[in-house]
Amino acid sequence: MVDIRPVLFVIGVMVVSLVPLMWICAIVDYASGNPDWEAFALCSLVVLLTGTLMAIATRQREIVFDRRQAFLLTVGMWIAMSLAGALPFYLSQMKLSVAQSVFETVSGITTTGSTVIVGLDTAPPGILLWRGLLQWIGGLGFIATGIILFPFLRIAGMQLFKMESSDVGDKATARMIDTVRQILMLYLLMTVLGTIAIVLVGNNVSFFNAVIHAMTAISTGGFSTSDSSVIQFESRPVEAVLIVLMIVGGSTFPLMIMAFSGRPGPLWRDPQMRLFFSIILAAALAIAAWRYVQGAGDPLRLFWSALFNVVSIITTTGYMSDDYNVWGPFPVIVFFFITFLGGCTGSTSGGLKAYRLYVLALVVQAQLTTRLYPRRVKALRYGERVIDDEIVRSVAVFMALFMMTYIVVAMGCAATGLDLVTSLSGAAQAVANVGPGLGSIIGPAGNFSTINDGALWFLSAGMLLGRLEIVVVLVIFLPSFWR
């Protein structure tokens with residue numbers, strides 16, 4: 001049997017960490033004269049008591065996790081944080097249902113960016129800040145989980161960050177904690193610099209707006225303070241700042257740390273980073289060229305619009321600077337496919353990740369080569385590192401599970417009555433943690449406010465599965481896991 005006491009203790013402590021953030025939102029609402037401060041105050045009390053009692057009841061002298069407990073902790077922590085984070089939405093004046101409240105929270109903490117809230121321009125400031133904070137801590141939390149836990153749980157692609165075999169015991173732990181600390185500093189630095197830059201280059205952009213968009217850009221979350229997303233700014237300089245933040249958030253953070261510390265070489269030489277930038281450039285150029293041939297206008301304007309939206313989708317952020325749903329069939333199909341791609345491993349973005357696409361391309365190339373030279377044996381390499389068979393198998397399994405999860409979520413949405421386009425694109429954005437879907441309902445100019453509760457539960461499950469790399473969740477349902 002699995003001893004769940006250490007798991008519950010850590011979950012209780014993590015849930016309590018939301019309390020100070022609720023207090024901040026309560027203060028913001030109180031200062032603006034909004035009565036929702038009472039909802040935040042009540043929620044903070046409930047969360048504080050629940051988390052504290054859970055931690056006290058399961059406290060132990062020494063906490064040591066084995067692999068099964070690590071799986072339980074990862075899944076349990078994200079579910080508990082999602083449920084606790086849903087309380088302010090449910091008790092606020094937004095009048096959201098339970099399914100809508102959980103959906104909004106899961107969308108925030110998984111940095112997906114889909115929303116059921118209509119009228120963001122007039123929404124209470126505390127709620128807007130709460131949405132931004134959920135995405136900010138969700139992005140940072142996923143990186144920390146990926147660096148510390150995922151390599152040792154053998155999650156496909158995250159072995160990239162596994163310590164060398166000589167780094168064992170306390171030495172490996174110390175190095176990982178140091179890496180997470182450096183990532184936190186970079187994360188904070190980019191949030192602060194992004195806020196300052198948006199205020200400076202924007203056209204009368206408020207500090208409040210700048211903070212929220214800096215948080216949701218670096219976390220590749222995409223929650224905005226307006227129903228029109230970043231169209232509200234009508235500023236290319238602001239869009240340029242957001243592009244930089246989204247690319248940093250969608251890139252491998254350990255490599256970004258090296259670049260910011262004066263060693264950019266590993267970043268530019270990394271195969272998945274080169275693939276990541278190549279896909280962005282190719283997709284933006286293809287869409288801009290197609291629209292130019294169709295007579296849509298100035299090529300530079302078309303390229304900029306395509307670039308911003310491609311970066312937004314491929315990093316799974318989900319901002320909208322234009323309604324690409326009306327650009328034509330070719331751009332729409334390009335956006336549908338890049339919805340699945342995502343950024344890089346060790347980033348805040350979701351999706352398949354460039355690392356896995358690169359490994360898959362190597363495998364395909366190797367299989368084609370063996371048809372010409374059956375006796376030729378060539379090791380697969382990621383840069384200078386040999387890719388072992390375990391990683392190849394884990395990538396193949398993840399790809400299969402990703403598509404199976406997508407199909408199940410899409411079928412579940414369709415079973416609740418959603419149309420074909422909404423079901424297919426809704427499932428894609430959920431499992432890939434992107435945000436906007438396609439079509440007139442959940443497209444870039446729409447939202448999820450009219451989606452029925454049954455479909456929202458399916459989409460919420462899809463977002464959590466996608467954020468936790470699927471394998472982490474599915475393995476706890478194996479009977480052998482509990483023996």
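Here is a friendly tour of the model, grouped by topic.

This is a predicted model, in which local features need pLDDT of at least 70, side-chain atom pairs count only at pLDDT 80 or more, and totals for chains, interfaces and linings use all residues. Residues are numbered from 1 along each chain as its sequence is written, and side-chain values use heavy atoms, with hydrogens and water left out.

**The nonpolar surface patch**
- Leu42, Leu45, Val46, Leu49, Leu53, Tyr90, Leu91, Val98 and Trp457 make a nonpolar surface patch of about 860 Å².
- Patch members have over 30% relative accessible area and no salt bridge, and nonpolar side chains (Val, Leu, Ile, Met, Phe, Trp, Tyr) are joined within 5 Å, whereas like charges are joined within 9 Å.
- A salt bridge here is a Lys or Arg side-chain nitrogen within 4 Å of an Asp or Glu carboxyl oxygen, and accessible areas come from the Shrake-Rupley method with a 1.4 Å probe, with only the protein chains shown counting as cover for residues.
- Helices H3 (37–57) and H4 (67–91) each supply at least two of the patch residues, and H3 gives the largest share, five residues.
- Helices are DSSP runs (H or I, at least four residues), numbered from the N terminus.

**Helix H19**
- Trp457, one of the patch residues, sits in helix H19 (residues 453–467) and is partly exposed at 43% relative accessible area.
- For these labels, buried means under 20% relative accessible area, exposed over 50%, and partly exposed in between (1.4 Å probe, protein chains only).
- Ser460 is also in H19, but Ser460 counts as buried because its relative accessibility is 4%.
- Beyond its neighbours within four places in sequence, Ser460 is in contact (heavy atoms within 4.5 Å) with Val102, Phe103 and Val106.

**Helix H12**
- Leu285 lies in helix H12 (residues 271–293) and is partly exposed, at 45% relative accessible area.
- Leu285 and Ala306 are 21 residues apart in sequence, with their C-alpha atoms 7.7 Å apart.
- The Gln272 side chain reaches the backbone nitrogen of Tyr355 at 3.1 Å.

**Cysteines**
- With a disulfide taken as two cysteine sulfur atoms within 2.5 Å, the count comes to zero.
- Cys43 is in no disulfide, and the nearest cysteine sulfur, that of Cys25, is 10 Å away.
- Cys43 is buried because its relative accessibility is 1%, and Cys344 is buried with a relative accessible area of 0%.

Conventions:
Polar contact = N/O pair within 3.5 Å; in protein donor to acceptor, adjacent residues only side chain to side chain.
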